[in-house]
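Welcome, and take a moment to look over the structure before reading on. The notes below are grouped by topic.

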Amino acid sequence: MRIDFSPVLARLDYLLSGLSLTVMVSLAAIVLSFAIGVLVATSRISRYRTVRILAAGYIDLFRNTPFLVQLFFLYFGLPEIGIPTEPVTTGILALSLTAAAGNAEIVRSGIETVPRGVVEAGRSYGLSALQVYRYVILPIALRVAWRPLGNAFVNLVLTTSILSTITVNDLTGNANNISSETFKPFEVYLVVLVIYCAVTFTVSAVVNAVYALFFARMAERPVIRGQAA
Amino acid sequence: MYEMYQNVDFTLADLDLLWRGLQWTLLVWSASMVLGIGLGFVLGLVAHARVPVLSQLVTVFVETFRNSPLLVQLFLVFYGLPLVTPFSPGPAEAAIFTVAINTAAFTVVNLVAALDALPRGQWQAAGAFGLSYGQTMRYIVLPQAIRTALPPTMNLAVSQLQTTSLVSIIGVADLTRVGTMLYTRTLKPFLIWPAIGLIYFILAKILSVLAVRVERRLQTKNSWFQAAA
């Protein structure tokens with residue numbers, strides 16, 4: 001059979017509407033997974049043993065089981081305990097929970113690079129523990145963690161494709177529909193492959209731009225409200 | 001009336017089903033790891049040698065497969081290839097082939113990074129001793145680079161175990177597929193998905209213990225190497 005892209009290109013609008021859902025889901029999951037990740041990372045090095053163990057268990061559990069199994073558990077399992085599920089929100093939830101486990105490890109290793117002396121200096125300047133966290137520890141930790149986090153975000157975007165298995169009409173979901181409609185799977189999936197590449201290159205570019213804007217010029221010493229500490 | 005036709009209880013045959021699913025998962029994983037890491041090794045050498053055209057092709061291959069979802073790659077191979085090429089792989093062949101290619105792309109990055117990390121002085125010194133490119137590679141560069149590249153590649157292999165769950169979507173009867181079969185028959189997602197997840201969890205733990213052991217052995221060899229050098 002000959003390679004013919006015209007049936008696919010004729011349905012490009014439909015494919016791109018799937019892309020917009022992929023982008024939306026990705027953005028939501030990136031923000032959520034980042035927030036949960038910072039929370040879990042903080043818990044992972046908490047002074048309370050129980051909190052530490054719970055956070056470590058969370059990370060271990062989500063990193064060592066397949067995403068597909070987690071997704072099926074949430075999507076088919078939650079209705080069993082009376083929580084109705086809907087593909088897109090369940091998908092965002094599952095993605096965020098998984099990605100948060102990876103993000104937590106990245107943020108934690110960032111926090112561990114912050115020298116003890118810097119934290120003590122912050123305390124002796126009269127900052128509260130929370131202020132030290134917000135103005136001293138996190139900016140330094142995030143600077144170290146930002147590039148690995150960027151890789152994790154790219155990975156997250158790619159993982160959104162798995163949501164098509166619970167009937168989310170994202171880029172991959174719509175590609176499946178076009179494939180069965182036109183019977184041109186090779187052409188469809190090749191185009192989709194290129195679109196995903198374009199999306200992930202964009203994500204990488206944004207990650208690098210943010211690094212250059214906010215982190216590269218950040219002083220080696222932490223800056224508190226415009227004044228060098 | 002409807003319940004009559006449903007076989008909602010678990011039987012001993014289900015254990016057999018799980019066992020066979022486990023075997024498929026391990027087969028797909030081990031075959032694709034051996035093929036993928038082997039192919040990645042060869043392609044990594046090509047990429048590092050800067051062969052005109054060939055090295056650029058490897059880079060394009062690596063970036064495409066690292067920046068697109070494995071699920072789309074699976075669909076491209078399983079549904080797409082038979083329509084445009086004489087090859088029509090079955091589910092298992094398509095699965096092993098695709099996971100191998102995906103793994104190869106990531107292995108190339110690990111190997112090239114390890115090769116680039118070696119100081120240029122070693123090449124110059126080897127050249128001064130009259131060693132050819134091949135000899136330098138074989139006796140000087142590769143023994144060190146492989147030691148650097150192995151830990152990230154083993155981590156990759158351990159995490160690819162989770163990824164193999166995606167092959168269930170193209171019909172390989174692996175653990176996840178068995179989970180789907182049991183779920184659709186018994187409709188007990190709250191029991192089945194954690195059980196399947198637990199098996200993956202145990203497998204991943206065994207594999208990471210093995211990886212740590214290999215790493216430790218290499219480290220002792222490495223220290224011997226450094227002491228001798």
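Helices (H or I, at least four residues) and strands (E, at least two) are DSSP runs, numbered from the N terminus. This is a predicted model, in which local features need pLDDT of at least 70 and side-chain atom pairs count only at pLDDT 80 or more, while totals for chains, interfaces and linings use all residues. Residues are numbered from 1 along each chain as its sequence is written, chains are lettered from A and ligands numbered from 1 in the order in which they are written, and side-chain values use heavy atoms, with hydrogens and water left out.

**Chain B in the UniProt record**

- The stretch 70-88 is one of those that UniProt lists as "transmembrane region" (unreviewed entry) in chain B, along with 26-49, 94-115, 164-184 and 190-212.
- UniProt positions are given in the numbering used here, with feature names shortened, and annotations may be inferred rather than shown by experiment.
- Residues 164-184 of chain B are 48% helix and 0% strand, with end C-alpha atoms 21 Å apart.
- UniProt also lists "domain: ABC transmembrane type-1" (unreviewed entry) for residues 22-211 of chain B; this span is 83% helix and 0% strand, and its end C-alpha atoms lie 20 Å apart.

**Chain A: layout and record**

- Chain A has 9 helices and 2 strands, and its pattern along the sequence reads α-α-α-α-α-α-α-α-α-β-β.
- The C-alpha trace of chain A spans about 75 × 45 × 25 Å along its principal axes.
- For chain A, UniProt places "domain: ABC transmembrane type-1" (unreviewed entry) at residues 19-207, a span that is 81% helix and 0% strand with end C-alpha atoms 20 Å apart.
- The "transmembrane region" annotation from UniProt (unreviewed entry) covers residues 14-41, 149-168 and 188-215 of chain A.
- Residues 14-41 of chain A are 100% helix, and their end C-alpha atoms lie 40 Å apart.
- Residues 149-168 of chain A are 55% helix, with end C-alpha atoms 25 Å apart.

**Where the chains meet**

- The contact (heavy atoms within 4.5 Å) takes 36 residues from chain A and 35 residues from chain B.
- About 3100 Å² is buried between chain A and chain B, 80% of it on carbon and sulfur atoms; buried area is the accessible area (1.4 Å probe) that two parts lose on being put together, summed over both.
- The interface holds 1 salt bridge, defined as a side-chain nitrogen of Lys or Arg within 4 Å of a carboxyl oxygen of Asp or Glu.
- In that salt bridge, K205(B) pairs with D60(A), their closest N and O atoms being 3.0 Å apart.
- The pair joins two chains, because K205(B) lies in helix α8 (residues 189-228) of chain B and D60(A) in helix α3 (residues 49-63) of chain A.

**The second largest pocket**

- About 680 Å³ of space lies in the second largest pocket.
- Of its 20 lining residues, the closest to the centre are I45(A), R47(A), A129(A), Y133(A) and I137(A).
- On a 1 Å grid over the protein atoms alone, a pocket is an open set of points where a 1.4 Å probe fits, with protein on both sides within 12 Å along at least five of seven lines; lining residues have an atom within 4 Å of a point.
- α7(A) gives the most to the lining of this pocket, with 5 residues.

Notes: Grid points are joined across faces, edges and corners, and a volume is the space filled by probe spheres set on the points.
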